[in-house]
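These are my notebook entries on one protein chain. I wrote down what I looked up, entry by entry.

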Amino acid sequence: QVQLVESGGGLVQAGGSLRLSCAASERIAMRYAMGWFRQAPGKEREFVAGVSKTIGRTKYADSVKGRFTISREIAKNTVYLQINSLKPEDTAVYYCAADGDQLVDTIDVRRAAYDYWGQGTQVTVSS
């Protein structure tokens, strides 16, 4: 089973940027749709962004469109989440996840669709 390790979180001021990384232990292209989720204190884990397993189609939650960009570096089996114009409400633990069951280029936004998860990386945005 694939193992995922996130990095890149930290404490930033509002308006700042971060790039989160998710390194997979095996090839992700053609095998896994990849997603980023986040969970704020006292809230449910929510979908943020996803990238499909073949052509790399992307999908975003409405709350982050225009500020977040998901990408993947196939040669490194790594997925990135570039976060710009950070807001205090972006404060959360960010998780990377892999979904091996999707056909072709579907991206599922449901947490239950993802089989493998990283340990998470904390992002804290100060006002």
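Which backbone nitrogen lies 3.0 Å from a polar atom of the side chain of Asp99? I found that it is the backbone nitrogen of Asp101. Before going further I noted that the model is predicted, that local features need pLDDT of at least 70 and side-chain atom pairs pLDDT 80 or more, and that totals for chains, interfaces and linings use all residues. Residues are numbered from 1 along each chain as its sequence is written, and side-chain values use heavy atoms, with hydrogens and water left out.

**Entry on Asp99.** I placed Asp99 in strand β9, residues 92-99, where a strand is a DSSP run of E with at least two residues, numbered from the N terminus. Asp99 is buried but has no salt bridge, and I read 7.0 Å to Arg110, the nearest side chain of opposite charge. Buried means under 20% relative accessible area, exposed over 50%, and partly exposed in between, with a 1.4 Å probe and protein chains only. A salt bridge needs a side-chain nitrogen of Lys or Arg within 4 Å of a carboxyl oxygen of Asp or Glu; for charge, Lys and Arg count as positive and Asp and Glu as negative, while His and the chain ends are not counted.

**Entry on salt bridges.** I searched the whole structure and found seven salt bridges. In one of them Arg38 pairs with Asp90, with the closest N and O atoms 2.9 Å apart; this pair joins strand β4 to the loop between β8 and β9, 52 residues apart. Asp90 also meets Arg67, at 2.7 Å from N to O. Since Arg67 lies in the loop between β6 (58-60) and β7, this second pair ties together parts that are 23 residues apart in sequence. Asp90 is buried, with a relative accessible area of 0%, and Arg67 at 11% counts as buried too. I then saw that Arg38, Glu46, Arg67 and Asp90 are linked in a network of salt bridges.

**Entry on β7.** β7 runs antiparallel to β8, and six bridges join them; strands pair if DSSP finds at least two bridges between them. Four residues separate these strands in a hairpin, and Asn77 in the turn has a positive phi of about 50°.

How values were computed:
Polar contact = N/O pair within 3.5 Å; in protein donor to acceptor, adjacent residues only side chain to side chain.
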